[in-house]
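Colleague: I'm new to reading protein models, and I'd like to go through one with you. Could you show me what to look for?

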Amino acid sequence: MARETLERPRFRHVGRPVDRIDATAKVTGQTVYGDDLRLPRLLHVKLVHAPVAHARIRRIGASKALAVPGVEAVLTAADLPPHRTNPDARAQVLLASDEVLFYGQPVAAVLARDPYTAAYARDLVEVEYEELPAVVDPLEAMRDDAPLARTGAIRDADRSEEQGHITVEAQQEQAQSHPSNVSSSITFRRGDVEAGFAEADAVVEGTWRSSMVHQSYIEPHVIIADYDASGELSIWSSTQAPFHVRHEVARTLGLPEARVRVTATEVGGGFGGKIYLYEPLVAALAMAVRRPVKLTMSRREDMLAATPAPQAVVQLKAGMKADGTLVALQARVIYDAGAFPGAPVLPGCLLIGGSYKCPNLDIQGFEVLTNKVSVGALRAPGAPHVAFALESAMDMLAQRLELDPLEVRLKNAVEKGDPLPSGQPYPAIGLKECLEAIARTDIWRERRRIRQHPHRGVGLAVGGWLGGLQPASATVGLNADGTINVTVGAADITGTNTSFAQIAAEELNLPLEMVSVVTGDTRTAPYAGMSAGSKTTYTVGRAVKLAAEDARQQILAIASQRLEVPAEELEMQDGVVRARGQPEKQVTFRELGRLTTGFGARYAPIVGRGAITARRQAPGFTAQVAEVEVDPDTGQVTVLRYAVAQDVGFAINPKSVEGQMQGGAAQGLGIALFEEMVYDEKGRLLNPNLLDYRLPTARDVPPIEAIIVEVPSEEGPYGARIVGEPSIVPGPAAVANAVADAVGARVFEAPLTPERVLRALGKLRD
Amino acid sequence: MPKRVITLTVNGETHEVAVEPWWTLLYTVREELGLTGSKEGCGTGDCGACSMLLDGRLVTSCIVLAVEADGCQVTTIEGLAQGGQLHPVQQAFVEKGAVQCGYCIPGMVMAAYDLLRRQPDPTLEEVRLALAGNLCRCTGYTKIYEAVLAAAERMRLEGARG
Amino acid sequence: MRPFAHFAPRSLDEALDIFRREGEGGRPLAGGTDLVVQLKEGGHKFPYPRYLVSLRRLPELRALGWHEEQGLRLGAGLTMAEVASNDWVRQRYPALADGAGLVGSRQTMNMATVGGNVCNAAPSADTAPPLLALEAQARIVGPQGERLLPLEEFWLGPGETVLRHGELLTEFLLPPPLPRSASLYRRHTPRQQMDIAVVGVAVAVALDDGGRTLKKVRIALGAVAPTPIRARRAEAALEGQAPSPEAIARAAAIAQEEARPISDVRGSAALRRHLVGVMTERLLREAIERARRG
């Protein structure tokens, strides 16, 4: 694994590969996930999922289910405690009460002593539906004569998930006055796009389609709620966003946030799909029955009724001059939101027009409602869809003009100061550096030799993500024995707590073993934003660094008094504070711990506090290259080698950073080759399982070369920038470009299934 | 109908457990024996998170009925570390950064352990073949391949020494 | 899952007695990799069973023996892993080793049985085309005694077989391979593993003593009809012919015509028909090449 690093100061901990602090517990099976928790008197929930995509509920009959021994309750919307309902916000429609909007929408909840009993009784709940016309395809849904996906216009869309992942200022227009399935739209224009095309020596255009895909965390959603006699609501949820869950649950159920405790249990994979969803429902169920209740979704239920990632249609026209200068981009970007608004139109539009310098832009984005499950975030939401179109078009232009595809990208790549379509200028970014790193990989250098093979080819693509912004805070405390506790409120999804330990140990010049990091619950932890939008290290890491610096100052102040040496003349190392040049004058952290925590202690406890607000993004770019072999008779695509170069600013823990890059790239390969939620014309999901919804297996993913590129960010800790999301973005385009390189056929729809490859090759009749 | 009492020897310890005929081995081990290390990811034998050894054979315990395991020897992830010492496979997973969210890891470690019992010196391709039934969504598998190959090497060295 | 009873007999007779005693509504349970999933997910094509009879402990289902004249006896209760790693199977019936070695994951292969794979009657079952191409017969034991049936007559449709209540498939009999013969099974799946065949093709060929003409050709197709099928017209078109590229291509085209695929979530009818041609042609060539080499 390579690392492209600028000159920088030497550090003791940050920047060095360390083992995750939670790895031992995980390899031994000791880590407690949500479904591993045990509470007394716990009831298990199974939801009745609607078997129709659009319908009115006529009647719900529970008598047969209630007759099953062990069933405690069957609850419908009418049985829930009073709560705020917003018909435009998925999580605030706890159970469908009148209109079912998607196949799989929960209409009732069965509570029983064990999950088998609950599931058995669930199948005995009788629901009568009056079916309504369902609209399934987003382009169909945009037609004037299309049936409406729902009665009633959208007034109060919930865009918090999107904002958690990407925080930018831009105006999104709400729906028009006349009834339509288009729930919002957005336009960005720059220059004169027609003049741009007139000036171009080559113009390419096409329509690229990306399928609906599922985050497919291996741990399905799990939520436990308990409402005790004193009016305290406790929630344990496999969520990336405990404070957001608290806010939304409190708001929905009319409780003060101070009375709601949300514990983010160890998240068994989230990727944006575990922000918040069924917490208000499960809490309402617990309040209704006054017992702790647990919802553990099965894989099938999760695929039917969580929040997967949208299908998209991207129409793109691009013009380039003979010297490789990109002069015009015109795009129409359509995301299918499913039954509730919340599709990533804004990031899609920003990135399709914001990855290359281009004087003339005309970009329109549409969010369309259909009768499918509503979508949520998946790692760089919306970005792979537009990169698929843009990066395919870049290769098509390069080919048309007989230019090197890497050189063309280098020539046009955005840099610091270049504007996004919204006009906002980029801070320091490393897209060019990523391309330069890819140019040095074996795959890229050997591409001419690889092409000698009749069915092998090499494809390149880039992608980026802007990142989310939320404030964050942290505390760093000195314990009686001289060890250090770091407390944060951010769920550790990607190894961030390990990085926080490195940061605190760095600032306090301690061995890593003396630092412990804990994610508290929302009653005990300092506030942090959601662990989404690749921002946890970027924001919470800064807070931890500040808190450690604060603790350091407090330690030095007390040591200065004890040793009668000015603080500036003190140094600290391995838990000992000593006067520079006077080694006999020293005091240990252990002594300081006692002096600040013991009976009749002379000094107040040492609690370092760090709180930051983040207003500047640190976007992350990546360039990726694939070597593939295509069987021209079966259409099968095999990825032989793959490399990812990504600018991470500064890799606090290179081992984790590489893992993020490889993991995201493998997800990109999944959506490039296999993954697709298939709905029939009536809106029924045909493959709600991990057999027919195909995640890439070990056989399908070659070892992925990870090249860390470090162009420091302006605000991140030690120059770190966002890491998690960019790596998923280029996959579909890189594979499509490699397939085109291998067999000369361009595929415009992801995943690139054998069938689509064969059709592109003209080998399938009908 | 009363529950059926079955005998399971799990990680060397014999238990009598009363089960319903439709309970899975995974559910029984997790809920009745409190061994929650094995995970349910799909419930249909497609993801491997529930992998354990049943009479020495690697199985997906989410689709094995507990009654079918009556009288059998079971080894779960909790049975791998001996005397507080991580198994070399576990150690390698920690050191190579092969663990992210960790949900697939108990099953993945069991599959790797099973492979190395059968093939002490696997090639990369043999590792990929053996792990194909264990889905991981976080790591892109790369560091898992490295961990399994490193564990194999360590076990061969230790075997040669011991 | 709905409640059901479970019986764990220790002999074939005991198992048959249970079916007789308990009456309709029972299902035999082998490895469970299909049945348990169907019971959990509701994907079953039969009435939900009142009781299951485990076949796990029946020694009569674990026969495994080779005889020069009679061929191979293969117990229905052998697992895919056992079948795929068996030396007799690997050397004399490689198509079956191919098929058994492709079913799911290592875990699946440790649980799933060859009998279960056949009795589940999925058109895509990976051991079905090999067993058809290798002209397997199924031994069926039931309340009225036992019978021997060519496997081709065993399936009636997706999930449906000739087995009547209380009958069990106990073993397969595979005739010994001819001299200068070879067999192969391949399937097409989007993923390299952990997938269901979009199309599966098995071929078994034998050359005449001079190696110039095809003495015998068997072609079996999976996932392109309501049951696994033999492509008999394609076989007939090749038998007695010299294995020229043209003859092979013609046979593959005939096999395409014999396929009756449907479109479903795993692939379109057009894709399946196309793949039947491509794969049949490739497999015939490879098998003939192997038969030549001996």
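**Reading the model, feature by feature**

Modeller: Let's start in a loop: Tyr718(A) lies between strand S28 (704-710) and helix H20 (731-743) of chain A. Helices (H or I, at least four residues) and strands (E, at least two) are DSSP runs, numbered from the N terminus. This is a predicted model, where local features need pLDDT of at least 70, side-chain atom pairs count only at pLDDT 80 or more, and totals for chains, interfaces and linings use all residues. Residues are numbered from 1 along each chain as its sequence is written, chains are lettered from A and ligands numbered from 1 in the order in which they are written, and side-chain values use heavy atoms, with hydrogens and water left out.

Colleague: What is the phi of Tyr718(A)?

Modeller: Tyr718(A) has a positive phi of about 60°, although it is not a glycine.

Colleague: And is Tyr718(A) buried or exposed?

Modeller: Buried means under 20% relative accessible area, exposed means over 50%, and partly exposed is in between (1.4 Å probe, protein chains only). Tyr718(A) has a relative accessible area of 16%, so it is buried.

Colleague: Which residue of chain B has a positive phi?

Modeller: Look at Asn11(B), which is not a glycine and has a positive phi near 50°. Asn11(B) sits in the loop between strand S1 (4-10) and strand S2 (13-19) of chain B. Its relative accessibility is 29%, so Asn11(B) counts as partly exposed.

Colleague: Where is there a cis peptide bond?

Modeller: Find Ala750(A) and Pro751(A): the bond joining them is cis, with omega about 0°. Pro751(A) is in the loop between strand S29 (749-750) and helix H21 (754-760) of chain A.

Colleague: Now a helix. How many residues of helix H8 (residues 279-289) of chain A are buried?

Modeller: Nine of the eleven, so helix H8 of chain A is largely enclosed by the rest of the structure. Among those buried residues of H8(A) are Pro280(A), Leu281(A), Val282(A) and Met287(A). Following H8(A) comes Arg290(A), with a positive phi near 55°.

Colleague: How do I check the length of a helix?

Modeller: The expected span is 1.5 Å times one less than the number of residues. Helix H10 (residues 245-258) of chain C has 14 residues and should span 20 Å; its end C-alpha atoms are 20 Å apart, which agrees.

Colleague: What do the buried residues of H10(C) pack against?

Modeller: Packing is read from contacts, and contact means heavy atoms within 4.5 Å. The partners of the buried H10(C) residues are strand S13 (214-222), strand S14 (229-230), helix H9 (232-238) and helix H11 (269-293) of chain C. The buried set in H10(C) includes Ala247(C), Ile248(C), Ala251(C) and Ile254(C).

Colleague: Which residue lies in the loop between H9 and H10 of chain C?

Modeller: One to look at there is Gln241(C). At 34% relative accessibility, Gln241(C) counts as partly exposed. Gln241(C) touches Arg212(C), Thr213(C) and Leu214(C), if you leave out residues up to four places away in sequence.

Colleague: Let's zoom out. How many helices and strands does chain C have?

Modeller: Chain C has eleven helices and 14 strands. To judge a whole chain, take the radius of gyration over C-alpha atoms and compare it with the globule rule, 2.2 Å times the number of residues to the power 0.38. Chain C has 19 Å, close to the 19 Å given by the rule for 294 residues, so it is as compact as a globular protein of that length. Of those 294 residues, 59% are buried.

Colleague: What does chain B look like on that scale?

Modeller: A compact globule of 162 residues would have a radius of gyration near 15 Å, and chain B has 16 Å, which agrees. Chain B has five helices and five strands, running β-β-α-β-β-β-α-α-α-α from the N terminus on. Its C-alpha atoms fill a box of roughly 50 × 35 × 25 Å, taken along the principal axes. Buried residues make up 66% of the 162 in chain B.
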